Amino acid sequence: MQSAGLEKASHRRIAGVLGMLGALLALMLAGAGPASAHATLDSTDPRQNAVVATAPQAVTLTFSEAVSLSSDSVRVLDPAGQAVDTGNPAHADGRGNTARVGLRSGLANGTYTVAWRAVSEDSHPVGGAFTFSVGAPSDTSVSATALQGAKADGLVAALYGTGRTVAYAAFALLAGVAAFVLVCWPAGTARRPVQRLLMTGWTALLVSTVAVLLLRGPYERGSGVGQAFDLTLVRATLDERIGTALAARLLLLAAGGVFLSLLVGQLGQPPRPVPAKPLAAAGGTAGSGADEGKDESEDAEAAELRELERRAAERPQRETRLGLGVAGLVLAVALAATWVGADHASVGIQVWLALPFGILHLIAMALWLGGLAALLVALREGVGAEVVDRFSRIAFGSVAVLAGTGIYQSWRGLGSWGALTGTEYGRLLLVKSGCVVVMLGVAWMSRAWLARLRSAPAEAAEVERTEVPEPVAVAAHSEDPVRRAQLARQKAARESAGRERGLTPTRAGLRRSVLVEALVAVAVLVVTTMLTNSPPGRVASEVSAGAAAAAPGAAAAAPQTEPGRTVELKLPYDTKGRTPNARGTATVTLNPARTGPNEVKLALNGTDGQPVDVPEVQLAFTLPDRDLGPLPVALTPEGTGRWSGTAQLPLAGNWVVSVQVRSSDIDQTTPTQQFKIG
């Protein structure tokens, strides 16, 4: 009967989780819409690829979202590769989504290249370049080292990523262990190993936060690690959203230190002892029936009084646990918000839903992973099956929350099934999902060990702590063999105290299973950090996939163009929509297909070969080897499915042409193809 009841309860839990996931998917699909992730360049003044009669006084860039700027975020280079800007770009008219830099007077005619680098609202560096001409277009030779890409210094990026990983792990350790002792094992706060776990989490989170704050400036600007202690960069970081979040985290850690002192000082105190039942006065062994009835009544009253005394003795600890639990929850939510408020969840679609889901995801992760670390210590200290049962229920709820919020975050970041394997973000997401599946498998093995522990009453009970007496010092040359043997046994007992206490075969097996689960959790944290540093798959473009689509079954080699001749590039596209214009071929024609200005024509034809019209189409060129681009082309309509414009291709090399086609409000695709200039 008991096993049937447990099975029904398990089925109800599974049904509840499935129902929650179904409602979540319905909510996601109902709110789906177009989105942007990292900041993109919307417009420029002078216009991209424009030819102006006189030299402008400044260059202004407008982005899709607010960006943070540094002293060299925007650079303007003349045809010889020399900087002609005045430096120190700023937001135009105080608008956060703009960047403006002044130009020197007396600029000569020719083509100028603008290289820019900024930090989008989700805290990730972005960059690109475009050209404009004064008087008339000209050939230009821009040094690749003069262009700023969006990549950070290798050592700085490695240290920065390590700091973020340590911060995630430290938060999980701090919040998870605190929750474990509050809910599952209050007596654990008096144990030294638990106290060391709490202090390790707090200290590691403090050190990693300071390190990330110092490394943020060099990470954004692509400079070396030697700039980490530049106070100017630190002040600039504090003015950004992520700097504000890191400063708030440091303040919250100060409050966290007070919380830990209260947790250990209050919860770690032994409960107030209940007065022992007084011994009955010595007397005869026999008595009348009336005396026996009176004794039974007195025993009942004494038992009731003893129960009331026990509850009164436990009430202060219950109230303390409740107060500390509320304070710890508020502190954990605030700490989680310092990550979520400056990452992918803070921009894009459904921010109102992504922010609380991101906080829930982090807290559930901490309860599960940090609780595993606490459980390892608890098993070593000989806790009973009741404590493990409590954590098992918490872990089940945490996994359910992680599954729901993880599905939502994956959908929000990917945008399409193709991005799951066609982008770095998607591939990292697959690796993380695989690690979580392994963790769930190991957790299932842990539940099997827990069932064994529960079925053995002798092992399920908590092991009482025993103190090994301190050996009495005697002379090393004592000739008393009995005394020497006694001292040897005491020494061996002290050395093994705690290491073997409570580690019965079943407990040892459960502890090994939990240890494997915790090790896999470390891999999950590393992949999570890499995910937060990768651009979401919803906006990532895969050049090789576009090239394969353009020439199925053929090698992805870039075709060689002949200067002075018209080159025609065909890019098949499919937006996955249901409208007649959802699939077809985009034909890009370049003339004269050489460095410098090129006349560009774009034609969109449906599957029947007839021109089709679309709500939006964008054309751009990129030179990946030189970190140049994307260089958008301003298109002028010339009828249904026909556009023309001018593209400035300043350098020779393997270029990539991309055509973004949007066939409806939510259906779009960006086919690409490589070609060679020079």
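Two residues are in contact when heavy atoms of each lie within 4.5 Å. By that rule, among contacts in the protein chain between residues at least 6 apart in sequence, 72% join residues at least 24 apart. The model is predicted. The protein chain has 678 residues, and 45% of them count as buried. Its secondary structure comes to 14 helices and 18 strands. The accessible surface is about 33,300 Å², with 59% belonging to carbon and sulfur atoms.

**Nonpolar cores**

- In soluble globular proteins, nonpolar side chains tend to be buried together.
- The largest nonpolar core holds 62 residues. F180, L263 and L369 touch the most other members.
- Eight helices are listed as giving two or more residues to this core: helix 2 (154-183), helix 3, helix 5 (241-267), helix 6 (289-340), helix 7 (351-380), helix 8, helix 10 (424-455) and helix 13 (505-532).
- Helix 7 supplies the largest share, 16 residues.
- L369 is in contact with A172, M439, A521 and L525, leaving aside its neighbours within four places in sequence.
- A second core is separate and has 51 residues. L61, V567, L649 and V661 are included in it.

**Salt bridges**

- Side chains of opposite charge can pair when their charged atoms come close.
- The whole structure contains nine salt bridges.
- E386 and R390 pair through their side chains, at 2.7 Å from N to O. Both residues sit in helix 8 (residues 385-414). They are four residues apart, about one turn of the helix.
- E386 has a relative accessible area of 53%, so it is exposed. R390 has 26%, so it is partly exposed.
- D574 and K576 also form a side-chain salt bridge, at 3.8 Å from N to O. This distance falls within the 4 Å cut-off for a salt bridge.
- D574 is partly exposed, because its relative accessibility is 29%. K576 is exposed, with a relative accessible area of 66%.
- E616 and R662 form another salt bridge, with the closest N and O atoms 3.0 Å apart. This pair links distant parts of the chain, 46 residues apart. E616 belongs to strand 12 (residues 616-623), and R662 belongs to strand 16 (residues 653-662).
- E616 counts as partly exposed at 27% relative accessibility. R662 is at 19%, so it counts as buried. The cut-off explains the label, because buried means under 20% relative accessible area.
- R191, R380 and E381 are linked in a network of salt bridges.

**Surface patch**

- L155, L159 and V225 make a nonpolar surface patch of about 230 Å².
- V225 is placed in the loop between helix 3 (192-221) and helix 4 (231-238).
- V225 counts as partly exposed, because its relative accessibility is 35%. Patch membership requires over 30% relative accessible area, so V225 passes that cut-off.

**Cis peptide bonds**

- D45 and P46 are joined by a cis peptide bond, with omega about 5°. P46 is in the loop between strand 1 (41-45) and strand 2 (51-52).
- N591 and P592 are joined by a cis peptide bond as well, with omega about 20°. P592 is in the loop between strand 10 (583-591) and strand 11 (596-606).

**Positive phi outside glycine**

- N88 is a residue other than glycine with a positive phi, near 50°. Its place is in the loop between strand 5 (74-77) and strand 6 (98-102). N88 is exposed, because its relative accessible area is 59%.
- A593 is a residue other than glycine whose phi is positive too, near 60°. A593 lies in the loop between strand 10 and strand 11. P592 is also found in that loop.
- A593 counts as buried, because its relative accessibility is 1%.

Definitions and conventions:
Residues numbered from 1 in each chain as written. Predicted model: local features only at pLDDT ≥ 70, side-chain atom pairs only at ≥ 80, totals over all residues. Heavy atoms only, no water. Buried < 20%, exposed > 50% of the residue type's maximum accessible area, 1.4 Å probe, protein only. Areas by Shrake-Rupley, 256 points an atom, 1.4 Å probe, with all protein chains shown as cover. Patch = residues over 30% accessible without salt bridge, like charges linked within 9 Å, V, L, I, M, F, W, Y side chains within 5 Å. Core = buried A, V, L, I, M, F, W, Y, C linked by side-chain atoms within 4.5 Å.
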